[in-house]
Amino acid sequence: MIEIKNVHKSFGHTPILKGVNLKIKKGEVAVIVGPSGSGKSTLLRCINRLEEIQKGQIWIDGENICDKSANVYKVRAEVGMVFQQFNLFPHMNAIQNVTLGPILTNKKKKREAEELAMEVLRRVGLSAKENSYPSQLSGGQQQRVAIARALAMEPKVMLFDEATSALDPELVGEVLNVMKQLALDGMTMIVVTHEMGFAREVAHQVAFIDNGIIVEEGSPKEIFEHPKTERAAAFFSKIL
Amino acid sequence: MFFLEKTMEKLINNFIMFLPSLLKGTRFTIEITFFAIIISTLFGFFFSLCLISKKRYLNKPVRIFINIIRGTPLLVQMFYIYFVLPDLGIKLGALESGILALSICYGAYHAEIFRSGIIAISIGQWEAANSIGLKYYQTMSRVILPQAARIILPPMGTSFIILLKDSSLASVITVRELTRSGQLIASTTFENLTVFSMVALIYIILTQLLALFIHYMEKRYRVK
């Protein structure tokens with residue numbers, strides 16, 4: 001369903017992605033791991049065109065989203081993104097955060113959008129917090145509202161860019177649980193994370209990226225227990 | 001005692017005599033200020049969008065234009081618009097020239113105020129808005145500006161008050177606003193103390209009203 005073909009991306013003269021290839025099937029969870037600066041976040045950001053790639057193709061549901069004819073707003077509406085820093089809109093309460101996209105982008109009526117928002121807030125376990133402003137919520141709750149905001153767009157795929165890295169340790173679990181539940185519900189997900197427990201438990205495939213290329217990929221069991229490459233072995237020995 | 005009474009009586013008589021003419025001038029001061037605030041804010045917003053744009057053909061010319069405006073006195077700009085533009089075939093009345101000069105001059109200042117407010121909002125807010133498919137104008141109006149308003153309003157308020165006072169410069173291009181009205185009365189009656197005290201008092205009342213309005217706006221955009 002998602003096919004990333006030979007993607008190149010550089011910032012100025014610094015190459016970040018040097019020919020990335022990756023395939024993710026519908027309803028599956030791909031976890032991308034790798035050292036910092038390896039290009040994993042950049043890869044994610046290319047998939048909803050927050051960054052433009054210089055070479056290669058990214059196919060979602062049979063459409064090359066990097067093509068000139070592709071509608072960037074439509075692409076972004078179909079690809080949900082969850083950020084490390086949540087990036088909730090601080091001047092709006094939870095339900096306003098969640099309904100903004102459906103109303104403006106998906107042209108839903110306000111009532112309809114609010115019903116949808118209540119449903120996704122319930123899915124992330126925050127149905128009682130609809131009127132709370134981000135500043136009144138804990139980090140874990142803010143991130144769950146951010147997940148709800150992305151879900152309300154009814155995306156084909158959800159991208160998680162180190163969604164738990166900015167959270168206090170005791171708040172990580174509640175966000176991971178929401179992500180696990182999403183995976184169980186059959187959401188296609190690409191997850192950049194350092195939570196190897198999550199990868200082991202939820203991922204269908206794990207890709208290890210280093211220095212702008214995917215060095216190794218496979219099932220979590222294969223890649224964590226029997227890494228084929230030395231670089232992957234060295235990386236996992238340090239963090240597992 | 002008799003002397004004091006006489007003085008008071010004269011003061012009150014003068015006050016009553018001068019007031020209508022000064023109020024007429026005040027009307028022009030308010031008119032100039034009102035339009036210049038609106039137009040300069042629109043100019044400022046538009047200029048700031050150009051300034052923050054990555055496109056060189058937008059940000060370069062506006063940057064140069066703003067530097068020229070900021071580098072020349074408002075009084076010179078007024079002369080330029082009122083006396084020089086007619087030579088180029090553009091003839092504006094005194095009032096219009098005053099409004100235009102104030103609008104352009106303060107537009108340049110307001111551009112910087114808008115710019116500083118907009119760039120103070122974290123890039124993550126743009127990205128989050130983009131990620132739910134919002135277009136540029138939607139991101140600007142629904143996400144960025146409501147947050148930037150909190151940062152923009154205090155310096156903007158100061159700027160509006162200075163603009164109101166600078167509307168007095170229009171007196172030199174024959175606009176009969178408050179200061180000019182005062183000058184005219186003073187030069188015929190020689191009651192300088194009374195006239196210019198009244199003029200000053202009216203400016204204080206106007207600036208206080210404007211400050212109240214800005215305070216109200218600031219409260220509206222306070223963070224929850």
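**Entry 1**

I started with Ile16(B), which I found in helix H1 of chain B. A reminder to myself: this is a predicted model. Is Ile16(B) buried or exposed? Its relative accessible area is 55%, so I put it down as exposed, the cut-off being over 50%. I then looked at its surroundings and found a nonpolar surface patch of about 570 Å², made by Leu4(B), Met8(B), Leu11(B), Ile12(B), Phe15(B) and Ile16(B).

**Entry 2: helix H8 of chain B**

Next I checked the length of helix H8 of chain B, residues 192–220. I listed its buried residues, among them Thr194(B), Met198(B), Ile202(B), Tyr203(B), Leu206(B) and Ile214(B). What covers them? I noted helices H1 (2–52), H6 (136–166) and H7 (178–189) of chain B among the cover.

**Entry 3: Thr139(B)**

I moved on to helix H6 of chain B, where Thr139(B) lies. Thr139(B) has 0% relative accessibility and therefore counts as buried. Setting aside neighbours within four places in sequence, I found Thr139(B) in contact with Trp126(B), Ala129(B), Asn130(B), Leu134(B) and Ile144(B).

**Entry 4: the sheet in chain A**

Over to chain A, where I traced an open sheet of 4 strands in the order S2-S1-S4-S5, with antiparallel pairing. Strand S2 (14–24) and S5 are at the edges with a single partner strand each, so one side of each lacks a neighbour in the sheet.

I looked at the pairings one by one. S1 (residues 2–11) and S4 (residues 55–60) of chain A run antiparallel and are joined by 5 bridges. Across that pair, Glu3(A) stands opposite Trp59(A), and Lys5(A) stands opposite Gln57(A). S4(A) is also joined to S5(A), residues 63–64, by 2 bridges, again antiparallel. Which residue of S5(A) is the bridge partner of Trp59(A)? I found Asn64(A) there. S4(A) and S5(A) make a hairpin with 2 residues between them, and Asp61(A) in the turn has a positive phi of about 50°.

**Entry 5: salt bridges**

I searched the whole structure and got 23 salt bridges over all chains. One of particular interest to me pairs Arg45(A) with Glu127(B), at 2.6 Å from N to O. Arg45(A) is in helix H1 (residues 40–47) of chain A and Glu127(B) in helix H5 (residues 123–131) of chain B, so this pair joins two chains. Both residues are buried.

I then followed Glu78(A). Its salt bridge with Lys74(A) has the closest N and O atoms 3.6 Å apart, and the two lie 4 residues apart in helix H2 (residues 72–78) of chain A, about one turn of the helix. Glu78(A) also meets Lys156(A), at 3.4 Å from N to O. Lys156(A) sits in the loop between helix H5 (139–151) and strand S7 (157–161) of chain A, so this bridge ties together parts that are 78 residues apart in sequence. Lys156(A) is partly exposed at 28% relative accessibility. Salt bridges with shared partners link Asp61(A), Glu63(A), Lys74(A), Glu78(A) and Lys156(A) into one network.

**Entry 6: Thr229(A)**

Last, I visited Thr229(A), in the loop between helices H8 (220–225) and H9 (230–239) of chain A. Thr229(A) is partly exposed, with a relative accessible area of 24%. Not counting residues up to four places away in sequence, Thr229(A) touches Val215(A) and Glu216(A).

Note on methods
Residues numbered from 1 in each chain as written. Chains lettered and ligands numbered in written order. Predicted model: local features only at pLDDT ≥ 70, side-chain atom pairs only at ≥ 80, totals over all residues. Heavy atoms only, no water. Expected span 1.5 Å × (residues − 1). Buried < 20%, exposed > 50% of the residue type's maximum accessible area, 1.4 Å probe, protein only. Contact = heavy atoms within 4.5 Å. Patch = residues over 30% accessible without salt bridge, like charges linked within 9 Å, V, L, I, M, F, W, Y side chains within 5 Å. Areas by Shrake-Rupley, 256 points an atom, 1.4 Å probe, with all protein chains shown as cover. Salt bridge = Lys/Arg side-chain N within 4 Å of Asp/Glu carboxyl O. Pairing = 2+ DSSP bridges.
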